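Work through these exercises with the sequence and the 3D structure in view. Each task is followed by its solution.

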Number of protein chains: 2
Amino acid sequence: MVTKIAVDAMGGDFAPQAAVEGAVAAYREDGTVVVLVGHQEAIGVEFRRLGIDDRAIEVIHTDEAVAMNEPAITPIRKKRRASVRLCAELVRDGVAQAMVTAGNTGAAMASAMLVMKTLPGVDRPALAAVLPTSTGRRTVLLDVGANISTKSHNLRQFAVMGHLLAHEVLAVESPRIGLMSVGEEEGKGTQQTREVFKVLEATGLNFIGNVEGSDVYSGELDVIVCDGFVGNVLLKTSESLAGMVGGMVREAVAGSWRSRLGAFLVLPALETVRRRIDPEEYGAAPLLGVQGGCLIGHGSSSAHGVRNAIRRAVEFSQADVVGKIGGKVAIMHEQEEIVLGRADSDSPTSMADGPVAEE
Amino acid sequence: MVTKIAVDAMGGDFAPQAAVEGAVAAYREDGTVVVLVGHQEAIGVEFRRLGIDDRAIEVIHTDEAVAMNEPAITPIRKKRRASVRLCAELVRDGVAQAMVTAGNTGAAMASAMLVMKTLPGVDRPALAAVLPTSTGRRTVLLDVGANISTKSHNLRQFAVMGHLLAHEVLAVESPRIGLMSVGEEEGKGTQQTREVFKVLEATGLNFIGNVEGSDVYSGELDVIVCDGFVGNVLLKTSESLAGMVGGMVREAVAGSWRSRLGAFLVLPALETVRRRIDPEEYGAAPLLGVQGGCLIGHGSSSAHGVRNAIRRAVEFSQADVVGKIGGKVAIMHEQEEIVLGRADSDSPTSMADGPVAEE
């Protein structure tokens, strides 16, 4: 079966230009079959700018879109033809195998939950960033912003999904899982991290305990679990710091002929570093825990970032991440619930206590 | 009056070597008057290694110290002669004008609160990191780990203290203050950030609203307020990322003759960048809100880091930060309390609900 990716043409700071150009690049460079969802006229303008035949890429027209700053939940319920929601419907109906959006994270999360539904055993999906590390090994950090406030069982589910992503997709034999806190000992952290520490110890996962910010890029962990507030701050701070360092290096080497010559010589080496840490090179984070592929890119994604996000969506679909995680997550949760005698539960689509609506 | 700095010789991962060597460097290079507090014999061994006369630097002997992993509150109450606590007593008694420790943060915080006491109008002190940014301007981030959980009025006090540090010491006319959250709009964030947003709006400070991780190193803010959990994760993640990038650059440029020659040429330029972002170059974060100078360095501080921490302590003392903040913080808080009709209050030295004991 051909893998078809639904691309939200109206999502992101530079939509529709970046989204359309990214989709066209995926089609031209990789031969990926994409379907663009958004305003037909606006998309047509980009097609002409890029010199691509209208008939080469399928377009599904809609007038409606969710703006970057809009609160997510109301528009998704009311705007039944919002581009991001239509993308989710294409995945639900099997027309597309995964969707990509660089738009409003909350709207993407709400669409995925409302339309695709969560996997059995998952109360809340989590956005999983796959980070580069010092050792070359990748570390899955979740949640990075789908949920602003979480309960202990949500974090336990994030750990299970992170474990399955690392094991099934990144092929890690026994993923090492850490809980983000402010000290390594069990007693460190907030009331919630202390509670989650005990919950994770009881899971049978390879839980190695509390970890700190200093462990994020060390390459010693396969999965780091945190709430979406901390994960979002951490990820955006990292991007901010990388940007500052890049700018400082450019400024410093421009200062003398000696360093300008040196910079010319080290450029190819520095370019490999930039590629390894630039989030645009990875492209997008998968939303884990919904019944379909949903990859969410940075709001500021360029065409290059969108093309890479589409590559991640193809990989995500072809690796059958949803099937692999879905088949096991319910079993793992059932086992844990027996162990833990868990009683508390969220209605999977209730989106209560705000997080979806807030982000 | 001569500025004398009390240095905790037993605090930090590399104590007493790094602490003693840092103190000796401050004495030799800057002529700073220091008093080392710790085990006399261990300190003497270092003095001989460094070839310094025993009589050149004052030593106050104690057998007791708090280990890096020890929970803080019990030892400080029980270990009445713990080196970090004696340092706080020297400051309280006016023997030293400020103290420096690279040891257990919780123990330093507890000692400062117990011995020096908090400033009138301050319920909890905050550890303030002074960060480099893209524009060269510095941004004060607080709290970075003195308090793990905070109430809204604690965060308001952090904003007031951050304002005063930026205004009185960094000479910023009207410091721009941001609240760390996950979106810029007022409604974004957790229940607490939404509450604190309203509280900060009512302060009369130059509160510009919610900020995100992407704003930390942008140089567009003078003060960023967050709880100690988020601040600690953010700061340690930044150090982890900077370390990873440094390692990647070294590895990448070692790959070919071309890039090794280039690296040799750009080295001086890259060194200036490293200095601007290396936390050891700054040395230590001031604990704001106690009645005395208390500078807390990274646990992994080298001798170079300790020497720089001592420089910060001298500056902190000579700029009379405690006097400048202390004189105004009570007035600002009183004004706000009238505005807000605040009723809730922590006992300044109660150290209840854990944070001091936990970190």
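Two residues are in contact if their C-beta atoms, placed from the backbone, lie within 7 Å. The model is predicted: local features need pLDDT of at least 70, side-chain atom pairs count only at pLDDT 80 or more, and totals for chains, interfaces and linings use all residues. Residues are numbered from 1 along each chain as its sequence is written, while chains are lettered from A and ligands numbered from 1 in the order in which they are written.

**Exercise 1.** Find what share of the contacts in chain A with a separation of 6 or more joins residues 24 or more positions apart.

*Solution.* Take the contacts in chain A with a separation of 6 or more. Residues 24 or more positions apart account for 73% of them.

**Exercise 2.** Describe the contact between chain A and chain B.

*Solution.* Start with the totals: chain A gives 60 residues and chain B gives 60 residues. Next, look for elements of chain A that give two or more residues; these are helix H8 (228-253) and helix H9 (257-277). Helices are DSSP runs (H or I, at least four residues), numbered from the N terminus. H8(A) gives the most, with 20 residues.

**Exercise 3.** Work out how chain A and chain B are related.

*Solution.* Finally, compare the surfaces: 100% of the contact residues of chain A recur in chain B.

Conventions: Copies are superposed by least squares on the C-alpha atoms of residues with pLDDT of at least 70 in both.
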